[in-house]
Amino acid sequence: MAMRCLSSLPLLSASGSGKACAVVRTHHTPSAAAHRRIRTHMSVATGSEQALTAKEQSQEPDYGVVSMHHVGILCENLERSMAFYQDILGLKVNPARPNDKLPYRGAWLWVGSEMIHLMELPNPDPLTGRPEHGGRDRHTCIAIRDVLKLKEIFDKAEISYTLSKSGRPAIFARDPDGNALEFTQV
(Lines give C-alpha, C1' and ligand atoms only; values in the text may rest on other atoms or scores of the structure.)
Protein backbone atom coordinates (compact mmCIF):
# COMPACT_ATOMS: atom_id res chain seq x y z
CA MET A 1 0.00 0.00 0.00
CA ALA A 2 1.47 3.32 -1.00
CA MET A 3 0.89 6.54 0.94
CA ARG A 4 1.87 10.08 0.18
CA CYS A 5 1.06 13.37 1.84
CA LEU A 6 -0.84 15.98 -0.13
CA SER A 7 -0.59 19.02 2.13
CA SER A 8 -1.86 21.37 -0.57
CA LEU A 9 -5.50 20.31 -0.21
CA PRO A 10 -7.33 23.41 1.11
CA LEU A 11 -10.17 21.27 2.51
CA LEU A 12 -7.84 19.62 4.97
CA SER A 13 -5.66 22.60 5.87
CA ALA A 14 -8.43 25.08 6.68
CA SER A 15 -6.95 25.72 10.11
CA GLY A 16 -3.81 27.03 8.47
CA SER A 17 -1.66 25.04 10.90
CA GLY A 18 -0.17 22.93 8.15
CA LYS A 19 -0.30 19.90 10.47
CA ALA A 20 -3.18 18.17 8.72
CA CYS A 21 -2.64 16.55 5.38
CA ALA A 22 -4.40 14.05 3.16
CA VAL A 23 -2.84 10.64 2.97
CA VAL A 24 -3.60 8.86 -0.27
CA ARG A 25 -3.50 5.11 0.02
CA THR A 26 -3.48 3.12 -3.18
CA HIS A 27 -4.44 -0.53 -3.16
CA HIS A 28 -3.29 -2.73 -6.01
CA THR A 29 -6.03 -5.17 -6.96
CA PRO A 30 -5.84 -7.67 -9.84
CA SER A 31 -8.61 -7.17 -12.40
CA ALA A 32 -10.42 -9.90 -14.32
CA ALA A 33 -8.00 -9.42 -17.22
CA ALA A 34 -4.96 -9.75 -14.91
CA HIS A 35 -4.19 -6.04 -15.21
CA ARG A 36 -3.63 -3.97 -12.11
CA ARG A 37 -5.96 -1.15 -11.24
CA ILE A 38 -5.56 1.37 -8.49
CA ARG A 39 -8.24 2.36 -6.03
CA THR A 40 -7.52 5.44 -4.01
CA HIS A 41 -8.80 6.08 -0.51
CA MET A 42 -8.17 9.26 1.40
CA SER A 43 -7.84 9.69 5.10
CA VAL A 44 -6.83 12.61 7.25
CA ALA A 45 -3.52 12.38 9.05
CA THR A 46 -2.68 14.49 12.06
CA GLY A 47 1.07 14.52 11.77
CA SER A 48 1.71 11.22 13.57
CA GLU A 49 1.26 9.26 10.34
CA GLN A 50 4.28 9.45 8.04
CA ALA A 51 4.35 8.98 4.27
CA LEU A 52 6.00 5.73 3.19
CA THR A 53 9.28 5.81 1.36
CA ALA A 54 9.71 3.94 -1.94
CA LYS A 55 11.74 1.27 -0.09
CA GLU A 56 8.97 0.76 2.48
CA GLN A 57 6.38 0.55 -0.29
CA SER A 58 8.29 -2.21 -2.03
CA GLN A 59 8.44 -4.25 1.20
CA GLU A 60 4.68 -4.34 1.69
CA PRO A 61 3.02 -7.69 0.95
CA ASP A 62 0.87 -7.68 -2.19
CA TYR A 63 -1.30 -10.76 -2.11
CA GLY A 64 -4.33 -9.29 -3.83
CA VAL A 65 -6.77 -7.97 -1.21
CA VAL A 66 -9.99 -7.24 -3.09
CA SER A 67 -12.68 -6.54 -0.47
CA MET A 68 -14.35 -7.84 2.67
CA HIS A 69 -16.21 -11.07 1.78
CA HIS A 70 -18.26 -11.73 4.91
CA VAL A 71 -18.46 -11.24 8.65
CA GLY A 72 -19.22 -14.18 10.93
CA ILE A 73 -21.71 -13.46 13.72
CA LEU A 74 -22.53 -15.96 16.46
CA CYS A 75 -26.14 -16.45 17.48
CA GLU A 76 -27.84 -18.61 20.10
CA ASN A 77 -31.08 -19.09 18.19
CA LEU A 78 -31.06 -18.92 14.38
CA GLU A 79 -34.81 -18.26 14.05
CA ARG A 80 -34.66 -15.33 16.50
CA SER A 81 -31.65 -13.86 14.67
CA MET A 82 -33.29 -14.33 11.28
CA ALA A 83 -36.34 -12.42 12.56
CA PHE A 84 -33.99 -9.51 13.34
CA TYR A 85 -31.70 -9.60 10.30
CA GLN A 86 -34.33 -10.59 7.72
CA ASP A 87 -37.60 -9.20 9.03
CA ILE A 88 -36.41 -5.95 10.67
CA LEU A 89 -33.26 -5.12 8.70
CA GLY A 90 -34.58 -6.57 5.43
CA LEU A 91 -31.47 -8.60 4.54
CA LYS A 92 -31.94 -11.34 1.95
CA VAL A 93 -30.68 -14.91 2.26
CA ASN A 94 -27.99 -16.07 -0.16
CA PRO A 95 -29.34 -19.53 -1.09
CA ALA A 96 -26.13 -20.44 -2.94
CA ARG A 97 -24.07 -20.66 0.28
CA PRO A 98 -23.61 -24.07 1.97
CA ASN A 99 -25.80 -24.37 5.06
CA ASP A 100 -26.14 -28.15 5.06
CA LYS A 101 -22.39 -28.87 4.77
CA LEU A 102 -21.38 -27.26 8.07
CA PRO A 103 -21.54 -28.96 11.48
CA TYR A 104 -23.80 -26.20 12.86
CA ARG A 105 -26.90 -24.32 11.74
CA GLY A 106 -26.47 -21.00 10.04
CA ALA A 107 -27.46 -18.63 7.26
CA TRP A 108 -25.71 -16.33 4.80
CA LEU A 109 -27.32 -12.91 4.36
CA TRP A 110 -26.49 -10.37 1.68
CA VAL A 111 -25.27 -6.92 2.74
CA GLY A 112 -24.71 -5.22 -0.61
CA SER A 113 -22.12 -7.37 -2.36
CA GLU A 114 -20.79 -8.81 0.92
CA MET A 115 -22.43 -11.10 3.46
CA ILE A 116 -23.10 -11.76 7.11
CA HIS A 117 -22.69 -15.41 8.09
CA LEU A 118 -24.97 -16.18 11.04
CA MET A 119 -23.67 -19.20 12.96
CA GLU A 120 -25.74 -20.91 15.64
CA LEU A 121 -22.91 -21.68 18.08
CA PRO A 122 -22.26 -21.06 21.78
CA ASN A 123 -21.10 -17.48 22.29
CA PRO A 124 -17.82 -17.29 24.26
CA ASP A 125 -18.29 -13.58 24.97
CA PRO A 126 -19.97 -12.28 28.12
CA LEU A 127 -23.39 -10.79 27.47
CA THR A 128 -23.24 -8.51 30.51
CA GLY A 129 -20.78 -5.75 31.19
CA ARG A 130 -20.57 -4.70 27.54
CA PRO A 131 -20.56 -0.96 26.73
CA GLU A 132 -24.02 0.51 26.19
CA HIS A 133 -22.79 2.33 23.08
CA GLY A 134 -21.87 -0.23 20.41
CA GLY A 135 -19.22 2.11 19.01
CA ARG A 136 -17.12 1.33 22.09
CA ASP A 137 -17.38 -2.42 21.52
CA ARG A 138 -16.25 -4.57 18.63
CA HIS A 139 -18.86 -4.15 15.95
CA THR A 140 -19.81 -4.66 12.35
CA CYS A 141 -20.55 -1.53 10.33
CA ILE A 142 -23.12 -1.54 7.54
CA ALA A 143 -23.36 1.38 5.11
CA ILE A 144 -26.92 2.61 4.60
CA ARG A 145 -28.62 5.48 2.79
CA ASP A 146 -30.96 6.84 5.49
CA VAL A 147 -30.19 6.72 9.22
CA LEU A 148 -33.44 8.49 10.14
CA LYS A 149 -35.53 5.86 8.35
CA LEU A 150 -33.69 3.06 10.21
CA LYS A 151 -34.23 4.97 13.49
CA GLU A 152 -37.98 4.93 12.75
CA ILE A 153 -37.83 1.17 12.06
CA PHE A 154 -35.98 0.58 15.35
CA ASP A 155 -38.46 2.78 17.25
CA LYS A 156 -41.41 0.86 15.80
CA ALA A 157 -39.79 -2.50 16.64
CA GLU A 158 -38.77 -1.20 20.11
CA ILE A 159 -35.08 -1.92 19.46
CA SER A 160 -32.66 0.02 21.65
CA TYR A 161 -30.02 2.09 19.90
CA THR A 162 -27.61 4.96 20.38
CA LEU A 163 -26.64 7.64 17.92
CA SER A 164 -23.07 8.37 16.95
CA LYS A 165 -21.21 10.25 19.68
CA SER A 166 -19.32 12.24 17.01
CA GLY A 167 -22.48 13.73 15.52
CA ARG A 168 -22.08 12.04 12.14
CA PRO A 169 -25.13 10.24 10.70
CA ALA A 170 -24.75 6.80 12.29
CA ILE A 171 -26.80 4.62 14.60
CA PHE A 172 -25.63 1.74 16.82
CA ALA A 173 -27.77 -1.20 17.93
CA ARG A 174 -27.33 -4.76 19.14
CA ASP A 175 -28.81 -7.88 17.65
CA PRO A 176 -30.72 -10.36 19.89
CA ASP A 177 -27.40 -11.92 20.97
CA GLY A 178 -25.76 -8.64 21.94
CA ASN A 179 -23.57 -8.32 18.82
CA ALA A 180 -22.97 -4.61 18.18
CA LEU A 181 -23.92 -3.22 14.77
CA GLU A 182 -23.20 0.22 13.38
CA PHE A 183 -25.23 1.63 10.52
CA THR A 184 -23.52 4.61 8.93
CA GLN A 185 -25.12 6.85 6.32
CA VAL A 186 -23.19 7.12 3.06
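**Exercise 1. Find what share of the contacts in the protein with a separation of 6 or more comes from residues 24 or more positions apart.**

Solution. A contact means heavy atoms within 4.5 Å. Residues 24 or more positions apart account for 52% of the contacts with a separation of 6 or more. The model behind this value is predicted: local features need pLDDT of at least 70, side-chain atom pairs count only at pLDDT 80 or more, and totals for chains, interfaces and linings use all residues. Residues are numbered from 1 along each chain as its sequence is written, and side-chain values use heavy atoms, with hydrogens and water left out.

**Exercise 2. List the elements of the protein in order from the N terminus.**

Solution. Helices (H or I, at least four residues) and strands (E, at least two) are DSSP runs, numbered from the N terminus. The protein has 3 helices and 10 strands. Their order is β-β-β-α-β-α-β-β-β-α-β-β-β.

**Exercise 3. Describe the pairing and the cover of strand E6 (residues 114-120).**

Solution. Two strands pair if DSSP finds at least two bridges between them.

- Step 1: strand E4 (residues 70-75) pairs with E6 in the parallel sense, over 6 bridges. Cys-75 has Glu-120 of E6 as its bridge partner.
- Step 2: strand E5 (residues 106-111) runs antiparallel to E6, and 6 bridges join them.
- Step 3: E5 and E6 form a hairpin with 2 residues between them. Gly-112, in the turn, has a positive phi of about 65 degrees.
- Step 4: buried means under 20% relative accessible area, exposed over 50%, and partly exposed in between (1.4 Å probe, protein chains only). In E6, 5 of the 7 residues are buried. For the protein, buried residues make up 30% of 186.

**Exercise 4. Work out which residues of helix H3 (residues 147-157) are buried and what they pack against.**

Solution. 

- Step 1: Val-147, Leu-150 and Phe-154 are buried in H3. They lie on the same side of the helix because they cover an arc of only 60 degrees around its axis, taken from the directions from the helix axis to the C-beta atoms.
- Step 2: Leu-148, Lys-149, Glu-152 and Lys-156 are exposed on the other side of H3.
- Step 3: the buried residues of H3 pack against several elements, including helix H2 (78-88), strand E7 (139-144) and strand E10 (180-185).
- Step 4: at the start of H3, a side-chain oxygen of Asp-146 comes to within 3.1 Å of the backbone nitrogen of Leu-148. Just after H3, Glu-158 has a positive phi of about 55 degrees.

Conventions
Polar contact = N/O pair within 3.5 Å; in protein donor to acceptor, adjacent residues only side chain to side chain.
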